[in-house]
Amino acid sequence: MITGSGNDHSTPNICTDLLEIDPAFENAEPMSYIAVAAGAKQHNMAKEYAGHFNHKGQEQSAPRPGNRGKRDSQIILNFFSRVTYNDHMTPLHYDLFKKMHHLMGVIPDYFKIALMIDADTKVYPDSLRLLLNCVQNDPLIMGLCGETRIANKKDGGQARLLGHCYSSI
């Protein structure tokens, strides 16, 4: 619930302003989940706002765009792992399952591939085809990482995802 320097809204409010929240889920309730941490820091609560991303670029036009995707990606990947392996789910996972089904019309078991990249990553057009070809042709591959390169180091650089296969068994 922190309001950063130069902002008039808290971080959660800035994030929810980027969404067109589905009316069926306007009043998000905090849901429990277990984080990778020790002791009392393991139990966490999170609110899930379901809707569609308002892609007008507000985040990137801000003086200091955020970097919140890594933790969210871990929560989503953990969710899909629990769905795939029919593992114990927390209230946060059940809520996410229900909201994904409502918004997309399919249950999360339907998804076979998860692609997670940074917002500033440019993906070459044939990268996904090459990466998915590796997964489909080798049942021992459960994860891939494309090669990343910095496109322009002088301007802070942008990573590019190339289509090389690096398997994780």
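**Helices, a strand pair and a nonpolar core**

Let me begin with helix 5, where the face turned away from the buried side carries the exposed residues Arg129, Gln136 and Asn137. Here, buried means under 20% relative accessible area, exposed means over 50%, and partly exposed lies in between, with a 1.4 Å probe and protein chains only. Helices are DSSP runs of H or I of at least four residues, strands are runs of E of at least two, and both are numbered from the N terminus.

A word on the source. This is a predicted model, in which local features need pLDDT of at least 70 and side-chain atom pairs count only at pLDDT 80 or more, while totals for chains, interfaces and linings use all residues. Residues are numbered from 1 along each chain as its sequence is written, and side-chain values use heavy atoms, with hydrogens and water left out.

Which residues of helix 5 are buried? In this helix, residues 127-137, they are Ser127, Leu131 and Cys134. They lie on the same side of helix 5 because they cover an arc of only 55° around the axis, the arc being that of the directions from the helix axis to the C-beta atoms.

Leu92, His93, Asp95, Leu96, Lys99 and Met100 are the buried residues of helix 4. Seen down the axis they fall within an arc of 160°, so they line one face of the helix. After helix 4 comes Gly105, with a positive phi near 80°.

Leaving aside residues up to four places away in sequence, Asp95 touches Met31 and Glu48, where contact means heavy atoms within 4.5 Å.

Met31 leads us to the strands. The bridge partner of Met31 in strand 3 is Ala46. Strand 2 (residues 31-34) and strand 3 run antiparallel and are joined by 4 bridges; two strands pair if DSSP finds at least two bridges between them.

Next, the core. Which residues make up the largest nonpolar core? They are Phe79, Phe80, Val83, Met89, Leu96 and Met100. Such a core is a set of buried Ala, Val, Leu, Ile, Met, Phe, Trp, Tyr and Cys residues joined through side-chain atoms within 4.5 Å. Helix 3 and helix 4 each supply at least two of its residues, and the largest share, 3 residues, comes from helix 3.

Finally, the aromatic rings. The structure holds 3 aromatic pairs; rings of Phe, Tyr and Trp (its six-membered ring) pair if their centres lie within 6.5 Å, with planes under 30 degrees apart counted as stacked, over 60 as edge-to-face and the rest as tilted. Phe80 and Phe111 form an edge-to-face pair, 5.9 Å centre to centre with 70° between the planes. This pair links distant parts of the chain, 31 residues apart: Phe80 in helix 3 and Phe111 in the loop between helix 4 and strand 5. Phe80 is buried at 17% relative accessibility, whereas Phe111 is partly exposed at 31%. Together with Phe79 and Tyr110, they form one aromatic cluster.
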